[in-house]
Amino acid sequence: MAEPTDPFGAIAHCSGVVATEYTYRKDEEVYGEGEPSEYLYQIIRGAVRTYKLLSDGRRQIGAFHLPGDVFGLDPSSEHRLTAEAIVDTIVRLVPRRSLEKAAASNVQVARNLWTMTACDLRHAEDHMLLLGRKTAMERVATFLLEMDRRLAKTGMMALPMCRRDIGDYLGLTLETVSRALSQLNDQGILMFSSAREIALRNRQRLTAMEA
C-alpha cells in the first residue's frame, strides 16, 4: 500500500481528531524551548524555523519548515527547540492527546505518525552530517539543492529566510554565506532575480560540489 502524500492531513481528518488553524506574524514565536509539547503543527502557508540558543549566545537552526511540512514532533513532553515564524505564517495544529488517542485505535493513524517521525529523524541525521563533514561551499551547495527541491516551482526559488538564517542553519557566518553565493553567481551556477530569489543555472556542477 502506498504511503499517503500528506500523512498529517490524513490524520487531521480522522474521526475524533480536531484540527484548527492559527496565524503567526513574522518573527512571532510558535512555541519556546522547554514549553509543554501539546500540539503537532503543519504549515499551510509561510515558513517556520526551529532553533536552539547555545550557551555562548549563538543560534543553531535545526530546520526550516515550509508549506506542507509538519513540526513539533518532540519525543518527550517538552519542546527541545524554539519555533518562530520566518514570515507571516498559517499553521494547522492538532492536540497531541487527540492524536495519541486516535493512534491507539486506528492503525493507519499510528502508521502515519511513524512515517512523520521517521522523516523528522532522517532530516536530523542529514543535518548532523552536513555540519560535521562538509566544507563551507559544500554546505551552501547542499542547502541550495534542498531548497530547489522544496521551493522551486517555476525554475525560480523564493527563499523565505535571510542569509543570517542560512548561516545559522549551516553553522557558517553571514559573511561566509554571502561570499559563497557571490562565487556561485560569478561562476554562472546560479542567478539572482533579487536578494532572496534564486534560479539554479547549473545543477550538475552544484551537485558535484555537494558530494
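Mentor: Start with one term: a salt bridge is a side-chain nitrogen of Lys or Arg within 4 Å of a carboxyl oxygen of Asp or Glu. Keep in mind that this is a predicted model.

Trainee: What is the general idea behind such a pair?

Mentor: Side chains of opposite charge can pair when their charged atoms come close. Here, Glu33 and Lys52 form a salt bridge through their side chains, with an N to O distance of 2.4 Å. The two residues sit in distant parts of the chain, 19 residues apart: Glu33 is in the loop between β2 (29-31) and β3 (39-45), and Lys52 is in strand β4 (residues 48-53).

Trainee: How many salt bridges does a search of the whole structure find?

Mentor: The search finds 13. One of them joins the side chains of Asp168 and Arg59, at 2.8 Å from N to O. Because Asp168 belongs to helix α5 and Arg59 to strand β5, this pair ties together parts 109 residues apart in sequence. Asp168 and Arg59 are both buried.

Trainee: Which residue forms a salt bridge with Asp69?

Mentor: Arg150 does, and the closest N and O atoms are 2.4 Å apart. Asp69 lies in the loop between β5 and β6 (70-71), while Arg150 lies in helix α4, 81 residues apart. Asp69 is partly exposed at 23% relative accessible area, and Arg150 is partly exposed at 25%. Salt bridges can also share partners: one network joins Lys26, Asp27, Arg49, Arg59, Glu84, Asp165 and Asp168.

Trainee: Now the nonpolar core. Which residues have the most contacts inside the largest one?

Mentor: A nonpolar core is built from buried residues such as Leu and Phe, joined through side-chain atoms within 4.5 Å. The largest one here has 30 residues, and Phe143, Leu144 and Leu159 have the most contacts inside it. At least two residues each come from β5 (59-65), α4 (136-151), α5 (163-170), α6 (174-186) and β11 (197-200). Helix α4 gives the largest share, seven residues.

Trainee: What does Leu159 touch?

Mentor: Leaving out residues up to four places away in sequence, Leu159 touches Phe143, Met147, Leu151, Ile166, Arg196 and Ile198.

How values were computed
Residues numbered from 1 in each chain as written. Predicted model: local features only at pLDDT ≥ 70, side-chain atom pairs only at ≥ 80, totals over all residues. Heavy atoms only, no water. Buried < 20%, exposed > 50% of the residue type's maximum accessible area, 1.4 Å probe, protein only. Helix = DSSP H or I, 4+ residues; strand = E, 2+ residues; numbered from the N terminus. Contact = heavy atoms within 4.5 Å.
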